[in-house]
Amino acid sequence: MRRGRIVLPLLLAVLLLAPGWIAAAAPSPPTAPIASWGRFLTGISVPAVAPGASEVVAFTLQDPLGVPMSGILLTFGVYAFNAYPGNATGAVPGGGPVFSGNGVGAGSSVTIGVGNLTPNGTAFSSPGSISLIVAAPAGAPQGTYAIRTSVSFLAGGSAYLLESRGFFSASEWANATAPPGAPSTLNVSRLGVSGVLPETGLLVRSNPFPVALSLVLAGAVVLAALGGYWAVRRGPRSKSGANAGPPPNQAETAFGNNRSNDGD
């Protein structure tokens, strides 16, 4: 009886601690070659968007590992905001931009299934095989929205995961980087990823000067026309029919015509 009283608490303790042991034993994703990090996701371009408008997000996804990549998942998401005017980065406000594409519902963060890539193969955003649109609601606060990226896939029997800086806290990033004064290094195993991806930003800004810009362009056209007219216009003729004399062969200078010494 006494033995049963001792064994039961031990079994309960094992059951309670087992999830933690399993999580601790879960393998980290393999580290991708450092030279390949900047080649998975390239050419990211997010045009500025006015409130109430949308734009296509351009990028290229590549397989730089030399082995097939399958089950590729690509994530774009907004994670920080810098208001305009101002220069204070903070949390993303409500009513900010949303992404949509390849049949997924719109949201501040979307994950798109890309499929497979052959070694050194590439996939492109619209008008390519991957569709990704970013839209700013009519009432979206104006400013710059930071966008983080993530790519996960299977290759060589291993599950890889690459994420951009925006997925990690300042303390996590500091723990994975070299101490001050040491050579610049990044230990991605401490971050629990295979590598680090680039990220980008989206400027949401209405254009307050469309009319003024049109007037300036129209004025430039008028001035150019007048300049061309005066450039080709012949000099005046006398009433008696005699032609005007030849133009002077030397224009007056800012110093005048009677300058004899420096300083006059």
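This report describes selected local features of one predicted protein model.

## Basis of the model

The structure is a predicted model in which local features need pLDDT of at least 70 and side-chain atom pairs count only at pLDDT 80 or more, while totals for chains, interfaces and linings use all residues. Residues are numbered from 1 along each chain as its sequence is written, and side-chain values use heavy atoms, with hydrogens and water left out.

## Serine 36 in helix 2

Serine 36 belongs to helix 2, which covers residues 34–40. Helices (H or I, at least four residues) and strands (E, at least two) are DSSP runs, numbered from the N terminus.

Serine 36 is buried because its relative accessibility is 4%. Buried means under 20% relative accessible area, exposed means over 50%, and partly exposed lies in between (1.4 Å probe, protein chains only). With neighbours within four places in sequence set aside, serine 36 is in contact with Pro64 and Leu65; contact means heavy atoms within 4.5 Å.

Two strands pair if DSSP finds at least two bridges between them. Strand 6 runs antiparallel to strand 10 (residues 133–135), and 3 bridges join them. In this pairing, serine 100 stands opposite isoleucine 133. Strand 6 also runs antiparallel to strand 7 (residues 104–107), with 2 bridges, and here phenylalanine 99 stands opposite glycine 107.

Most residues other than glycine have a negative phi, and most peptide bonds are trans. Strands 6 and 7 form a hairpin with 2 residues between them, and asparagine 102 in the turn has a positive phi of about 50°. Asparagine 102 counts as partly exposed because its relative accessible area is 35%. Asparagine 120 also has a positive phi, of about 65°, and is found in the loop between strand 8 (109–117) and strand 9. Its relative accessibility is 49%, so asparagine 120 is partly exposed.
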